[in-house]
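Let's take a walk through this one a piece at a time. Keep the viewer open and follow along as each part comes up.

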Protein chains: 2
Amino acid sequence: MTPDVILREVGLRDGLQLVTGDLPTGRKIDWIRREAALGVREIEVTSFVPASAFPIFADARAVVAAAHQIPDLLVSVLTPNLKGAAFAMDAGVAKINYVVSASEAHSMANVRRSTAEAIEDFARIVRLRQERGLSDQVQLSCGVATAFGCTIQGVVEEGVALDVARRLIDIGADEVMLADTVGYADPTQVERMFDTALQALGDFPLAAHFHDTRGLGLANIAAAARVGIRRFDASLGGLGGCPHAPGATGNVDFEDAAFLLETMGLSTGLDLEGLIALRKDAQAWLPEERFVGALARSGLPKTFVRAPRTRLQHS
Amino acid sequence: MTPDVILREVGLRDGLQLVTGDLPTGRKIDWIRREAALGVREIEVTSFVPASAFPIFADARAVVAAAHQIPDLLVSVLTPNLKGAAFAMDAGVAKINYVVSASEAHSMANVRRSTAEAIEDFARIVRLRQERGLSDQVQLSCGVATAFGCTIQGVVEEGVALDVARRLIDIGADEVMLADTVGYADPTQVERMFDTALQALGDFPLAAHFHDTRGLGLANIAAAARVGIRRFDASLGGLGGCPHAPGATGNVDFEDAAFLLETMGLSTGLDLEGLIALRKDAQAWLPEERFVGALARSGLPKTFVRAPRTRLQHS
């Protein structure tokens with residue numbers, strides 16, 4: 001039975017990159033194992049970045065190795081550049097995530113490269129995959145950051161964001177994600193952009209990454225799901241944000257997103273009560289972090305009915 | 001110039017009924033005056049209830065009298081019964097709000113009357129208005145509480161909630177509001193119910209009252225606005241809830257709701273920055289209360305464009 005929607009956990013990467021404390025490797029592995037047991041099918045487990053800059057990811061290889069022991073879990077990692085991607089391929093990672101900012105200003109602030117240079121780096125990663133003969137083993141996913149606007153530059157033309165997506169696909173991306181890195185997206189814009197993208201790209205796997213910075217995270221997921229998007233990022237307790245986007249705190253809360261999608265008749269395959277219990281433990285592990293989200297406080301409605309699971313894989 | 005959407009402030013009633021501290025009459029009047037100056041066109045300024053049960057509303061007449069001095073403001077009050085409605089008519093209130101629970105169990109817990117008895121009481125209020133010759137001066141609005149489900153009873157059949165709405169209109173309501181008293185509504189249900197209601201009731205003024213208990217308050221407003229609803233309740237900072245609905249804390253945050261509606265191209269006529277400033281003051285006045293909402297923390301996006309104001313009044 002395949003769920004209608006893939007809700008991908010990014011808390012172990014997008015969440016942890018901003019925490020002030022530490023999370024021991026064993027806790028991370030526990031988090032991953034328990035989420036997989038609760039029905040999570042894809043987890044971005046870590047980031048392949050210099051440990052000097054992000055000591056919390058110094059255990060990336062150990063985390064990946066442990067995650068690879070879990071059956072039926074798609075293990076993905078974030079890599080900011082070719083070097084990180086090479087390490088990820090060495091580690092046998094099945095899915096590598098990379099990010100290109102549609103906003104030139106954000107791209108320079110975030111990775112000190114222009115958008116075009118970042119795209120060129122992605123092309124190098126695709127070539128590396130080919131040189132290593134891994135084109136059938138390693139999926140490459142690429143996010144289009146600041147696709148809905150930028151705190152530095154302001155407006156990002158929708159045509160520019162969609163053009164970046166198209167170029168990434170032409171280069172060899174297996175999945176493209178439109179990301180509201182700074183929490184500027186609204187439901188009207190989300191519906192319009194994803195509708196345009198789906199019409200232009202057809203069956204190509206498109207994903208959405210929203211932040212709840214201005215309270216519209218769930219409304220944006222609803223809008224994207226409405227036009228046919230079936231892949232979403234979220235993080236347990238809404239951990240995380242973007243260090244280079246001021247005020248952009250907060251991924252969409254994982255449990256709340258799963259609840260919303262189920263109410264839309266889209267099965268997630270997730271054990272919501274189990275996720276709420278895990279979230280409470282994670283909150284104890286990271287006592288200095290702000291956990292957001294409503295379901296953990298209020299519980300499921302008495303009237304809640306899970307969406308039926310289908311046998312067909314939707315786009 | 002008429003805004004597309006009426007966002008009604010209910011914090012001074014639905015919000016204050018649950019606060020642990022007090023708010024002096026002068027502060028309430030200040031809140032009302034400042035909101036009116038920021039473009040708010042309708043405020044539920046108080047509740048005509050026994051002061052013994054709700055001492056915070058003991059100043060109801062003084063608040064109403066001061067609110068009546070403000071030009072272009074529609075002053076409304078909540079009344080739980082005929083007696084309260086008579087007091088409100090004595091005070092010259094132009095709009096009286098009343099509530100009937102679609103859930104029998106909630107109706108008994110909340111006002112110790114069956115749904116049918118509560119409807120009968122509304123009929124008495126309509127007759128009183130007629131006897132006093134006020135049918136052209138006083139609007140009667142009626143909320144259908146627990147229209148989307150009930151924490152006590154569970155499911156509330158959609159047909160039952162819509163039938164209650166129909167009976168209230170037949171009796172003489174000038175406006176009917178479907179209210180998610182306990183925060184059970186989801187966007188799919190909201191769209192379906194309001195779509196059905198609008199088809200059945202045509203041009204009749206339908207309003208929506210959502211709580212953000214499970215994080216879906218804004219997604220629900222978006223869903224209702226999408227099918228044509230143009231009247232919404234919200235409260236500054238999301239103050240309030242329902243004392244008889246466990247866990248049902250939190251109206252939808254006023255500023256966030258206004259922001260969302262503007263992004264949908266629906267003008268609210270509101271000064272969003274001014275509302276955020278007022279909210280900060282209100283938070284200082286009520287230091288023990290939990291203020292929610294995202295915009296006050298994050299600010300408006302750089303890319304924000306106000307919806308153009310139209311000259312036509314929408315439904």
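Predicted model: local features only at pLDDT ≥ 70, side-chain atom pairs only at ≥ 80, totals over all residues.

Before we start, a word on names: helices here are DSSP runs of H or I with at least four residues, numbered from the N terminus.

Is Pro308(A) buried or exposed? Pro308(A) counts as exposed, because it has 9 C-beta neighbours inside 10 Å, and the cut-off for exposed is 12 or fewer.

For a contrast, go to Ala85(A), which is found in helix α4 of chain A, residues 82-90. Ala85(A) counts as buried because 26 C-beta neighbours fall inside 10 Å; the threshold for buried is 20 or more. Which residues does Ala85(A) contact once its neighbours within four places in sequence are left aside? They are Thr79(A), Ile96(A), Ile125(A) and Leu128(A). Tyr98(A) is 13 residues from Ala85(A) in sequence, and the C-alpha atoms of the two are 8.6 Å apart.

Next, pick out helix α7 of chain A, residues 158-171. Its 14 residues reach 20 Å from the first C-alpha to the last, close to the 20 Å expected at 1.5 Å a residue. Which residues of α7(A) are buried? Ala161(A), Leu162(A), Val164(A), Ala165(A) and Leu168(A) are. They cover an arc of only 150° around the axis, which means they lie on the same side of α7(A). The general rule behind such a pattern is that an α-helix has 3.6 residues a turn, so residues three or four places apart point the same way. On the face of α7(A) turned away from the buried side you'll find the exposed residues Gly159(A) and Asp170(A).

What sits over the buried residues of α7(A)? The cover includes strands β4 (95-101), β5 (139-145) and β6 (175-179) of chain A, along with helices α6 (115-131) and α8 (187-201) of that chain. After α7(A) comes Gly172(A), with a positive phi near 140°.

A positive phi also turns up in a residue other than glycine: Thr146(A) has a phi near 50°. Thr146(A) is found in the loop between β5 and α7 of chain A, and it is buried because 34 other C-beta atoms lie within 10 Å. Over in chain B, Thr146(B) has a phi near 50°. Thr146(B) lies in the loop between β5 (139-145) and α7 of chain B, and is buried, with 35 other C-beta atoms within 10 Å.

While you're in chain B, look at helix α8, residues 187-201. Its 15 residues should span 21 Å at 1.5 Å a residue, and the end C-alpha atoms are 20 Å apart, which agrees. The buried residues of α8(B) are Pro187(B), Gln189(B), Val190(B), Glu191(B), Met193(B), Phe194(B) and Ala197(B). Their cover draws on both chains: it includes α9 of chain A, together with α7 (158-171), β6 (175-179), β7 (206-209) and α9 (217-226) of chain B. Just after α8(B), Gly202(B) takes a positive phi of about 60°.

How does α7(B) pack against α8(B)? The two axes come within 11 Å and cross at roughly 35°, in a right-handed crossing. From α7(B), Glu158(B), Leu162(B), Ala165(B) and Ile169(B) meet Met193(B), Thr196(B), Ala197(B), Ala200(B) and Leu201(B) of α8(B). By class, this contact has 7 nonpolar residues, 1 polar and 1 charged.

Finally, zoom out to where the chains meet. In total, 33 residues of chain A are in contact with 33 residues of chain B. On the chain A side, α8, α9 (217-226), α10 (254-263) and α12 (295-298) each supply at least two residues. Among these, α10(A) gives the most, with 4 residues. The side of chain A that touches chain B has 13 nonpolar, 14 polar and 6 charged residues.

Definitions and conventions. Residues numbered from 1 in each chain as written. Chains lettered and ligands numbered in written order. Expected span 1.5 Å × (residues − 1). Arc of directions from axis to C-beta. Contact = placed C-beta atoms within 7 Å. Nonpolar A, V, L, I, M, F, W, Y, C, P; charged D, E, K, R; others polar. Axes fitted to C-alpha atoms, helices over the stretch in contact; angles between N-to-C directions. Left-handed = near helix turned anticlockwise from the far one by under 90°.
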